Amino acid sequence: MRKEKNKRREKDNEAKVTLRNLRVSPQKLNLVLQMIRRKKADKAISILQFSRKRISQHVEKALRSVISNAENNHSLDIDRLYVKEAFVGKGIVMKRFMARARGRGARILKPFSHLTIILSEETGE
């Protein structure tokens, strides 16, 4: 007896990608994602290409991946795709110490983030 295959959680006209453990704070990643929410996929890629934020390269790579998955795995029309949702999850936080004056230590927090992008196909209305 084998276990049943997990059912797909997204709708039929959606594709999703998740990047886990990105070494950037959730607040900084959310600033980049605000620029692409509710935009068409090709417009979102051009916004990310010309963004000056370091993390925008990783977001662009994830966006290209989900566009490719939507086209090849789910047979969606790439000209009608738009970013339905783009959100950040909080990951682990590395804790470090830096030596300070008089034998003290200062805490340094190095946060990680999880990125999720959901693309959807526009309905022809």
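**Salt bridges and their surroundings**

Select Arg-8 to begin: with a relative accessible area of 36%, Arg-8 is partly exposed, a class that lies between buried (under 20% relative accessible area) and exposed (over 50%), as found with a 1.4 Å probe on protein chains only. This is a predicted model, in which local features need pLDDT of at least 70 and side-chain atom pairs count only at pLDDT 80 or more, while totals for chains, interfaces and linings use all residues. Residues are numbered from 1 along each chain as its sequence is written, and side-chain values use heavy atoms, with hydrogens and water left out.

The whole structure holds five salt bridges.

Next, select Lys-84 and Glu-14, whose side chains form a salt bridge at 2.4 Å from N to O. This pair links distant parts of the chain, 70 residues apart, with Lys-84 in strand E2 (residues 81-99) and Glu-14 in strand E1 (residues 14-22); helices (H or I, at least four residues) and strands (E, at least two) are DSSP runs, numbered from the N terminus. Are the two partners buried or exposed? Lys-84 counts as partly exposed at 24% relative accessibility, whereas Glu-14, at 7%, counts as buried.

Now move to Lys-40 and Glu-122, which meet through their side chains in a salt bridge of 3.4 Å, N to O. Because Lys-40 lies in the loop between helix H1 (26-36) and helix H2 (41-49), and Glu-122 in the segment after strand E3 (105-121), the pair ties together parts that are 82 residues apart in sequence. Lys-40 is partly exposed, with a relative accessible area of 33%, and Glu-122 is partly exposed, with a relative accessible area of 33%.

**The nonpolar core**

Which residues of the largest nonpolar core touch the most other members? Select Leu-29, Val-59, Leu-63, Leu-115, Ile-117 and Leu-119, which do so among the 26 residues of this core; such a core is a set of buried Ala, Val, Leu, Ile, Met, Phe, Trp, Tyr and Cys residues joined through side-chain atoms within 4.5 Å. The elements giving two or more residues to this core are E1, H1, H2, helix H3 (56-72), E2 and E3, and H3 gives the most, with six residues.

Centre the view on Leu-115: residues up to four places away in sequence aside, Leu-115 touches several others, including Val-17, Leu-29, Val-59 and Phe-87, where contact means heavy atoms within 4.5 Å.

Then select H2, whose buried residues are Ala-41, Ala-44, Ile-45 and Leu-48. Seen down the axis of H2, these residues fall within an arc of 100 degrees, so they line one face of the helix; the arc is that of the directions from the helix axis to the C-beta atoms. The buried residues of H2 pack against H1, H3 and E2.

**A last stop in strand E3**

Finish at Ser-120, which lies in strand E3 and is buried, with a relative accessible area of 4%. Beyond its neighbours within four places in sequence, Ser-120 is in contact with Asn-13, Glu-14, Arg-80, Leu-81, Tyr-82 and Lys-84.

Note on methods
A salt bridge is a side-chain nitrogen of Lys or Arg within 4 Å of a carboxyl oxygen of Asp or Glu.
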